[in-house]
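Dear colleague,

I am handing over the structure below, followed by notes on what was found in it. Please read the notes alongside the model.

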Amino acid sequence: MPCDGAGKEVVPEAVKVLRGVGADLEFEDFDIDADSYLRTGVAIPDATWKDLQAADSILFGAVGDPRVPDPKYLHGVLLRLRFELDLYVNLRPAKLYDDRLSPLRREDRRKVDLVVVRENTEGAYVGMGGRFKQGTPDEIATQEDINTYAGVTRIVEYAFGLAKREVVMVDKSNAMTYAGGLWQERWKAIAKAHPNLKTRHLFVDAAAMQLVKDPSQFEVIVTGNLFGDILSDLTAELVGGMGIAPSANLNPKTGRGLFEPVHGTAPDIAGKGVVNPIGAILSAGMMIRHLGHREMADAIEGAVESAIRAGDCTRDLGGSLSTSQAGDAVVKRLKD
Ligand code: IPM
Ligand code: MN
């Protein structure tokens, strides 16, 4: 599902790399996009939805269009997939492949190899709330932050299952005491079951500060939907920017997954052949890893790293290649 804007340019590159690495996959193309939404008023047709539900994995580009201010489109595509396929884990790794991509001055603190484990099906994203006396000076707007025992438990457990060294739990339990209270209780209980792992808590404001101050201290950060959204843009920028950041939306129980670059449709640069395909290529790498092909995933990551270090990349990473040349630069290195 390339969907819109930059998504249409980067997904073909990711597919090219998957084919290049020899992945024996069958692809089915879905042209869900803003054009079809504007034409039909339907975000995902029912028949397509059935196919998507049946897919082992979804390789996704980006959704949105300046001509569609209507949030129903975004909700009807990406958020619907996350919620209805119950993809409760949003993995957002950030790894510094080349020192020169770090915005940090202190060399000893540049090393970044962390993952944000973002809760992906609850929090402020569920769309509960409303507007009362809309358009009047007395208007009231509410947006509910939903945190369930089961939802918090499963995401914190996933983070502890992933970590080798330390889990940092991030919330805002000093100000948001009800939701934060539940996160604190579940985190402490689950931490007890993992005595071999270190664990730490940070309020989200302090986490943002520490991420900029010394990102090398982090391994696994687990947090709610909204904080995870915000912190993962920050962590992307620590390793080269939005163009490079991959993500996986997973349900570890059903095995379903949706893999997408963290960047959006980038309407300002889309369609000019300059968008960076690395975020999508690394997302495809996460997909093939999830499907059980660790060697192919390692090969993709290795090829990406080598292309970046050689400067064979797009302008945002200091290179001069077009989107498809940057994809080719990765393909060329797959067998090395
Ligand atoms: C992301 C995006 C989405 C999110 C938007 C498009 C709803 O910013 O995947 O990070 O907030 O989850
Ligand atoms: Mn985001």
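A residue counts as buried under 20% relative accessible area, as exposed over 50% and as partly exposed in between, with a 1.4 Å probe and protein chains only. By that rule Leu114 is buried, because its relative accessibility is 2%.

This is a predicted model, in which local features need pLDDT of at least 70 and side-chain atom pairs count only at pLDDT 80 or more, while totals for chains, interfaces and linings use all residues. Residues are numbered from 1 along each chain as its sequence is written, chains are lettered from A and ligands numbered from 1 in the order in which they are written, and side-chain values use heavy atoms, with hydrogens and water left out.

Leu114 sits in strand E3, which spans residues 113–119 (strands are DSSP runs of at least two residues, numbered from the N terminus). Beyond its neighbours within four places in sequence, Leu114 has contacts (heavy atoms within 4.5 Å) that include Arg92, Leu211, Phe218 and Thr235.

Around ligand 1, with a heavy atom within 4 Å of it, are Leu74, Arg82, Arg92, Arg118, Tyr125 and Asp229. Oxygen atoms of ligand 1 take part in polar contacts (pairs of N or O atoms within 3.5 Å): a polar side-chain atom of Arg82 lies at 2.7 Å, a side-chain N or O atom of Tyr125 at 2.5 Å, and one of Asp229 at 2.8 Å. Of the 320 Å² of accessible area that ligand 1 has on its own, the protein covers 75% (Shrake-Rupley method, 1.4 Å probe).

Best regards

Technical notes. A polar contact is a pair of N or O atoms within 3.5 Å; within protein, one must be able to donate a hydrogen and the other to accept it, and residues adjacent in sequence count only if both atoms are side-chain atoms. Helices (H or I, at least four residues) and strands (E, at least two) are DSSP runs, numbered from the N terminus.
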